[in-house]
Amino acid sequence: MISTYQSKDIKDIIDLGVELNPKFKELFNINNLPEYENIIVYKEKNKLVGFLHYLNNIEYIEIINLIVSKEKRNNHIASFLINNLLENFNKKIILEVKESNLSAINLYKKFSFNTINIRKNYYGNESGIVMERNKDIYILGVESSCDETSISIVKNGNIDIATTVLTQIDTHVNYGGVVPEIASRMHTENFTLVLEDLFNKTALKLEDMDAIAVTYAPGLLGSLLVGLEFAKTISFVYNKPLIKVHHIAGHIYSNNLNEPMEFPLLALIVSGGHTELVLIDGDYIFNVLGSTLDDAIGEVYDKVAKVLDLPYPGGPSIEKRALEGKDTYKLPIVMNNDELNFSFSGLKSAVINLIHNEKQKGNIINKNDLATSFQKAAIDQLVRKTRLAIKKTNSKRLIIAGGVSANNFLRAEMKKLAEENNIKLSIPKMKYCTDNATMIAAAAYPLFLKKEFSNYNINAESSKRLY
Amino acid sequence: MNTLFISTYNYLITIGLLKNNKKIAIKEIKSDKSHSIFLIPSIESILKENNLDIHNINEIIVINGPGSFTGVRLGVIVAKTLAYTLKINIKTITSIDALAISNNILKRKIVSIKDNKGVYFAIYKNNKNISQIKYLSKEEFDNNYINEINIDNGVLDIEKIALFLKDFDTLNPHNVKPIYVKEIEVLK
């Protein structure tokens, strides 16, 4: 059981302290602690077996003593005590430990403490290691670039604490696509409700956030503006820095929610507006290797779905039909060259012509089969170009990002490609493939560390490029 | 009681501060099509200039349209988010009502707001709206109402507006939404 010490515990604390450090009683005035010092104790059957003595500064906590009785070592008691401290304070923590105390050093490392200084011969012939653990960073993400109203809390750039996504798809499906004016109206009506829903999922409060991140580009201008003003207002009321995030950076950084990305890496960006191969050398360091010369992959899915009379959005519609079909229609292999650029308009035209010709001949189109053949041809181009980019850049890591990464056929083909080339692959979890604020908060984290904050006079931009 | 007044329905951003329904400051910013650049900075600066903090505000009054769709949305999302997060009162008034009240209309008059294609308007008498707010093309409006006395000066009197709203109930911020009036193509 963990509790804050009481005066009746003082004798046991001193006894345990002296057991490990004969000078304990002289060094620490446990009988008369100043009010900024405190001790949490761990008891088993009312017997004190460990304690954590700390100093609470305005800016940080300093662990002065962390002691567990010899016979109770390896029972995670020290971990319980540290965890209790972390639960009660989200602050920087510092401490100092003897260099020979490897088990303690390893324990602190597990709790994300880093060595920041070595005090040479601090203990006579032994040095002291000064370790530090930064406070946890909570970022509130806001996303409304299209037809999803979403707010999320992400810890340290890679842990999804809570997310709410309100999709408007059921409304827009009636119009065969997203109607920008309706999307803006719904965002305006729903943002405070989404905020309330989010904070019903966590004990955290808006006051606990370290920054407010918001998608400012690209997307539907009216929709972006509503989210941007909402985020600015929250940032203003709670006096938290505002971080503007590019929507595509969000898709890329959704991979950090799997495990933190290691650079350099090759990224295949596939969405309704993007089809690119990008070499990423570090946080926000992008080198575009190739991009589409005409339609984006998501766009061509939507257009082909339309000519096949399949419901909006086209991606899931075609994918579903393709599961039922066979690859029977002959479609051209486009961009079969040594370039890293993409092109999909030729494939789209081939599908349209094929439908037209079959109709003229009086043949009925097998939609499932045509969906299969189209998907195979389209994804094959992505795979071929990615394979080429891996070879050309000698990449060891590959990530996929963007809405189309939700396509299961693409996911499976990319897994094969990664195995074939023996490289590490990261694809965002399904729930992070479609638009969400989790990825926006994740993408804001490296900007937070660099203190790249925005003023309240920033504007939304519908077609700004990331790179 | 400190009231923050927000109007964004046209090319102007109007931010006002009232103390017990008496005007203490007003700011008008011309912001052609980029309300987002000026809205929060204007609120921030008017508060600062009057030695107030946003946490000293007890009530929000926002014009919730009709007018520029995007303009109105920005005013409304800021107003409702302020009210929700600060847990303070929020009241809305239409742009047409706000103009009518500012002008103290006793005899029958038309109050109107033009946009680039048409006119939002309503008919007032004894300071009461005796019609609904409608939107007509410029031609239709002129054909039907050319002989009526038309108030279209756009001047807001925030004290009169605050006084008019004094006994109105505060709204649930979640339920505050813009009034558009003009239909959009896809919804016709």
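I am working with a predicted model, in which local features need pLDDT of at least 70 and side-chain atom pairs count only at pLDDT 80 or more, while totals for chains, interfaces and linings use all residues. Residues are numbered from 1 along each chain as its sequence is written, and chains are lettered from A and ligands numbered from 1 in the order in which they are written.

Two strands pair if DSSP finds at least two bridges between them.

I then looked up strand S9 (residues 148–155) and strand S10 (residues 159–167) of chain A, which run antiparallel and are joined by eight bridges. Ser152(A) stands opposite Thr163(A) in S10(A). The hairpin of these strands has three residues between them, and Asn156(A) takes a positive phi near 50° there.

Next I asked in which order the strands of the sheet in chain A lie. I noted an open sheet of five strands with mixed pairing, in the order S10-S9-S8-S11-S12. S10 and strand S12 (242–246) of chain A each have a single partner strand, so one side of each is left without a neighbour in the sheet. The twist averages 20° from one strand to the next.

I also checked which helices lie across these strands. Helix H6 (residues 180–199) of chain A lies across S9 and S10, at about 30° to S9(A); angles run from 0 to 180 degrees between N-to-C directions, with axes fitted to C-alpha atoms, for helices over the stretch in contact. Contact requires C-beta atoms, placed from the backbone, within 7 Å. H7(A) lies across S8, S11 and S12 of chain A, at about 160° to S11(A).

Finally I turned to helix H1 (residues 35–49) of chain B, which has 15 residues and reaches 20 Å from its first C-alpha to its last, close to the 21 Å expected at 1.5 Å a residue (1.5 Å times one less than the number of residues). Just after H1(B), Asn51(B) takes a positive phi of about 55°.

Methods. Helix = DSSP H or I, 4+ residues; strand = E, 2+ residues; numbered from the N terminus. Contact = placed C-beta atoms within 7 Å.
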